[in-house]
Amino acid sequence: MIIDLAKFVVAEEGYWLRLEKILERRRADPWAPLPLEEARDLDYLYRRAAADLSRVATFSSEPEMRRRLEQLVARAYAEIHGARGAGTVRLRPWQWFVNVLPQTFRRHWHMAGLVVAITLVGMIFGGVAVAVDPEAKQVIMPFPHLIGDPKERVAKEEATKEDRLAGHRAAFAGHLMTHNTKVTLFALALGMTWGVGTIVLVFYNGIMLGAIAVDYILAGETTFLFGWLLPHGVVEIPAIFVGAQAGFVLARAVLGREDGRPIGQRLRAVADDVATLGAGAALMLVWAGIIESYLSQYHEPAIPYALKIVFGVVEGGLLVLYFGFVGRTKAKKREAVRA
Amino acid sequence: MLEERVDVLRVRTPEGVSFAFLLASPVTRLAAWAIDTGAILAAWSLISAGIALLGLLSADLARGVIAVGYFVFSTGCGIALEWMWNGQTLGKRLLHLRVMDESGLPLRFSQVVVRNLLRAVDVLPVAYLVGGVAAFVSRKSQRLGDVAAATIVVHEPPVAGTDLTGLVLAKYNSLRGQQHIAARLRAKTSPALAHAALQALLRREHFEPAARLELFRELATHFRLLLHLPVELDEGISDEQFLRNVVEVLFGAKSPAPTKQDTVR
């Protein structure tokens, strides 16, 4: 029990100020190395402040002192138990792009595989539905201009002399970027519904893709289809996969009770990966939006289909190389160091 | 099944130290969100007016930048402010709310990003219904974004010093200088009881005389039982005077210094 509160405050004030100074220094530069002597001091002062907090905890008329000590102890606790540099972020975009994003993608490749599998099942369903029952197009196709006969559309597009998007290209690209990013982030967020919402969204996306592909292939417009979809689709569709992959990473953390950790810890453990994949998907969709607006919507004779298809194949190849191999050496080195 | 809701989240460290966070209610959070939304719309109307000047160069470019700009600004504003202001946005700052890691550890950037991205689901179907329902049924008042990011929103009311204006203290106090008794009094008195005693004295003029005597008698009796005072410290002192002495010790109020005349007498 504290006999004389005033004496107690005078005696302890120096220690609290020392702790505050160390915490301020850490806040100013959280990445600075902590010398052993200062680390010991921090630990000692934290324990002392914690003990002081316990002693004043029962005092009814000292809320300010109690609040000050609580905040001091909470900050010191966060400093000691948080990771190095916690509470800060080092902006290293290049490092993030060439290491963090591709490595994160590969770390959760099972989830990406699951997204691809669900999409393929959806594509088969959509393709079969349109092949067997052409009326199904009315329900499946996402945009009105896709409901008509593909041959008629191709003839109309190729006969058009004027630039339909003249004066609207940037606005169209902006609309595509925001719309697709919203849908992709929605697929990510739906991971919190135990992954059910993400599955439904990915499956529906697959149905639409399959229906469009089969519709154009059956109409004999395969070249137009690839020339139209490949330039932006090889980035846009994988971007949706990456967003949905992040959704499944979340879903696994929600469902994964077998490792014994509480849900908060499981979700906290995957937060970095979810944010990384979400940001990666958004970045890909910015590129896809530009390509769709400035290239994909232009057909022969303005741009040869072969050129568009080659462009799409090169893009797709680069994307596979990026997610498959970039950042591998550093990851391997790190694993070797760990071993 | 509804989880049992708590108003306070107590964090117990591995060293056995515990500190508490007051959880923000869903209604307060909704108010903070409304302030943020209003501020974002107001700021965007200014920014978009500036962007519209791009239309002098290219109307198409201006429309494109506005289409992407609003999405980036409205999503990024919450992330940037919560990150830079240590878990606060404008609305949260005004209403004394703060986002924190649910274990009391520092908020990581990825947590800020995830909780803001998950608004896409929380906002469904309208006006944050999913998020609101989740917060109401959650034990820690967490919307889905908070669950996903392992964060909580806490209420940090400013600590106001006790207002002792109007409290008339006596020149003499038998408890003054009795440090053991002062320590026992502070240790045994709950904040609610201390507040009740102070308010009883501050509002004495508002009570009927009989009710006032009864109230002071009850409070003084309670404190006497709590303290087990030696008889000489309590002898010949009215209930009201005793209560004033107790409040002076509890709140450390300054009493008027005895004059020389008082001392001689």
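Let's start inside the fold: the largest nonpolar core has 60 residues, and A:L188, A:M192, A:L250, A:V274, A:F323, B:V114 and B:L118 touch the most other members. Helix α10 (residues 222-255) of chain A gives the largest share of this core, 13 residues. Such a core is a set of buried Ala, Val, Leu, Ile, Met, Phe, Trp, Tyr and Cys residues joined through side-chain atoms within 4.5 Å. Buried stands for under 20% relative accessible area, exposed for over 50%, and partly exposed for what lies in between (1.4 Å probe, protein chains only). Helices (H or I, at least four residues) and strands (E, at least two) are DSSP runs, numbered from the N terminus.

Before going on, a word on the model: it is predicted, with local features needing pLDDT of at least 70 and side-chain atom pairs counting only at pLDDT 80 or more, while totals for chains, interfaces and linings use all residues. Residues are numbered from 1 along each chain as its sequence is written, chains are lettered from A and ligands numbered from 1 in the order in which they are written, and side-chain values use heavy atoms, leaving out hydrogens and water.

Setting aside residues up to four places away in sequence, A:M192 touches A:L250, A:V254 and A:L267 in chain A, and B:L118, B:L144, B:V147 and B:A148 in chain B; contact here is heavy atoms within 4.5 Å. Apart from this core lies another, of 28 residues, including A:L72, B:F19, B:F21 and B:V154.

**Where the chains meet**

Chain A and chain B each bring 53 residues to their contact. About 4600 Å² is buried between them, with 68% of it from carbon and sulfur atoms; this buried area is the accessible area (1.4 Å probe) lost on putting the two parts together, summed over both. Two salt bridges are counted between the chains, each being a side-chain nitrogen of Lys or Arg within 4 Å of a carboxyl oxygen of Asp or Glu. B:R108 and A:D272 meet in a salt bridge at 3.3 Å, N to O.

**Two buried residues of chain A**

A:H108 sits in the loop between α4 (93-107) and α5 (109-132) of chain A. Its relative accessible area is 6%, so A:H108 is buried. Beyond residues up to four places away in sequence, A:H108 touches A:Q245, A:V249, A:R252 and A:D273.

A:L201 belongs to helix α9 (residues 196-218) of chain A and counts as buried because its relative accessibility is 18%. Leaving aside neighbours within four places in sequence, A:L201 is in contact with A:V183, A:F186, A:A187 and A:L190.

**Salt bridges**

Over all chains, the whole structure holds 28 salt bridges. Here are some within a chain:

| Pair | Closest N to O |
|---|---|
| A:E12 and A:R48 | 2.9 Å |
| B:E205 and B:R204 | 2.7 Å |

A:E12, in helix α1 (residues 5-28), and A:R48, in helix α2 (residues 36-56), are 36 residues apart and link distant parts of chain A. A:E12 is buried at 5%, whereas A:R48 is partly exposed at 25%. A:D43 and A:R47 are separated by about one helical turn because they are four residues apart in helix α2 of chain A. In chain B, B:E205 is exposed at 61%, while B:R204 is buried at 18%. Salt bridges that share partners also join B:R29, B:E82, B:K92, B:R115, B:R119 and B:D146 into one network.
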